[in-house]
Amino acid sequence: MATTPSSPTSPTFTLKPGTAWTDAWQRCRAVAPEAFRDDHVLNLWNATWQTGGSTLPATSPVDGTPIAGPPRLDAPTAHQAVRASLDQHRAWRHVPLQERRARVAATLDALTEHRELLALLLVWEIGKPWRLAQADVDRAIDGVRWYVDGIEPMLEGRAPLDGPVSNIASWNYPMSVLVHAMLIQALAGNAVIAKTPTDGGLACLTLACALASREGIPVTLVSGSGGQLSEALVRAPEIGCVSFVGGRDTGAAVATAVADLGKRHILEQEGLNTWGIWNHTDWDALTAVIPKLFDYGKQRCTAYPRFVVQRSAFDQFLAAYLPAVRSLRTGHPLAVADPADPLPALDFGPLINPAKAKELADQVAEAIDRGAVPLYRGTLEDGPFLPGQDTSAYLPPVTLLNPPPSSPLHHAEPFGPVDTIVLVDTEAELLAAMNASNGALVATLSTDDPATYARLAPQIQAFKVGHGKPRSRGDREELFGGFGASWSGAFVGGELLIRAVTQGPADERLPGNFPEYRLMP
């Protein structure tokens, strides 16, 4: 177990009073006693918090503190939960829109009331710094409220699906991605099912679903291994749509299943998002944006882990890049030097678990051994950490030049604070390097000439391409999708999310990336 090195010159940090995991847990038990027990949570199905399931031990990535683990259901119970959700769906789809709006709005009010508790759970369960944890909760609430206020025209001529929407999402955005999607799906007239991510977010999702269930939202929340639950949550005939956010390997298996069944689907998968530098001189703008690109340690689907840089500008790029990456702050998200101090302002905390930190550290070491050039390697020495705490899930930022083609860092998203840089000499090389992963969600090209950007951007295989600025998933009316292997199924965002989870005309072709066609909005 890695622990914090002590320094005689650094202050001694302590846990901010009132922020301990035990404090958060007791608050959860007081707010939602129906869902939280002494040391575990329950699964929610058939509109009831159910006992049962095999609970696995779990620890926080923040410092190894034991936290609640998921109560894993077996396959037969998961099928029962899906059948019960179909019964809920058949009743909910006939509930008038104004009542659905009122119930979702009441849920948003409850989430707002418990905003800080939800954010604190995100800190402990998935290691988000306090600023980013609050932002995750706020984006969920604000995003759903936008739909509540403007849903009527989006539903004109449309009806709920024939069965509930099954949501299988990664752990990194439990509120702004998963809860956001669930409440909008319910607003559109569907019952919703969610599988808790295996790696984190259990208590946060349990609390959010408890607040939604109290308002009559037909939500099902279950835990279990993908192998045990996939038959029920993906292939079951009761399921009206599968919404998936995760990696390409699992996503490909889900895509095969839904294609075989002709099932409605929204599958967001990873891609290597790239940032190109070509005939560019506004280096101050680049320096300013680099720290933001490291938010949450690049553990997000729209992170930029690859820079494709014009060789003749490489020295200027490094002069802009290195001071910015040296300014990054990481550490324990709840550690303070004085109890009265605010929580630390960090760019990122731990990775999701020690295994991920070791995997990335090993990939970096292997890439260097095979010829990559280490340009920057940070340390944990100056960060706020508790004395002697477990730091095995922490990885300081690393930057490598020219990762070898044999390295996973060359072609895949690292999902951690590791940047790689590739140098190019021609526009053809630039485009080839920016399109290294057969499709991406976002990309950016920094170039001074608008005509050059207008000519090259359409040749970059990403759903969103920015001109010198990062692109993201977006909120409210902003559309989102992916090209190539980064996305399968209907695009989302704005009214497209409503169209993706409702039925329209019989001959409707949804905008999306499907095996038989790709249709842009």
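Is Arg-93 buried, exposed or partly exposed, going by its relative accessibility? In this predicted model, Arg-93 counts as partly exposed, at 23% relative accessibility.

**Salt bridges**

Side chains of opposite charge can pair when their charged atoms come close. A search of the whole structure finds 21 salt bridges, and three of these pairs, listed in the table, are described here in turn.

| Salt bridge | N to O distance |
|---|---|
| Arg-214 and Glu-34 | 2.9 Å |
| Arg-93 and Asp-162 | 3.9 Å |
| Glu-99 and Arg-103 | 2.8 Å |

Arg-93 forms its salt bridge with Asp-162, with 3.9 Å from N to O. This pair links distant parts of the chain, since Arg-93 sits in the loop between helix 2 (75-92) and helix 3 (97-113), whereas Asp-162 sits in the loop between strand 8 (159-160) and strand 9 (165-169), 69 residues apart. While Arg-93 is partly exposed, Asp-162 counts as exposed, at 56% relative accessibility.

For Arg-214 and Glu-34, the closest N and O atoms are 2.9 Å apart.

The salt bridge of Glu-99 and Arg-103 lies within helix 3, where the two residues are four residues apart, about one turn of the helix. Glu-99 is partly exposed, with a relative accessible area of 33%, and Arg-103 is likewise partly exposed, at 29% relative accessibility. Elsewhere, salt bridges that share partners join Arg-158, Arg-499 and Glu-508 into one network.

**Aromatic rings**

The structure also holds 17 aromatic pairs. One of them is the edge-to-face pair of Trp-171 and Phe-415, with 5.9 Å from centre to centre and 85° between the planes. Trp-171 lies in the loop between strand 9 and helix 6 (174-187), and Phe-415 in the loop between helix 13 (408-411) and strand 19 (418-424), so this contact ties together parts that are 244 residues apart in sequence. Both Trp-171 and Phe-415 are buried.

**Charges over rings**

Aromatic faces also meet charged side chains: Lys-128 lies over the face of Tyr-173, at 3.5 Å from the ring centre, and Arg-509 lies over the face of Tyr-517, at 4.0 Å from the ring centre.

Notes. Residues numbered from 1 in each chain as written. Predicted model: local features only at pLDDT ≥ 70, side-chain atom pairs only at ≥ 80, totals over all residues. Heavy atoms only, no water. Salt bridge = Lys/Arg side-chain N within 4 Å of Asp/Glu carboxyl O. Buried < 20%, exposed > 50% of the residue type's maximum accessible area, 1.4 Å probe, protein only. Phe/Tyr/Trp six-rings, centres within 6.5 Å; stacked < 30°, edge-to-face > 60°. Lys NZ or Arg CZ within 6 Å of the ring centre and 35° of its normal.
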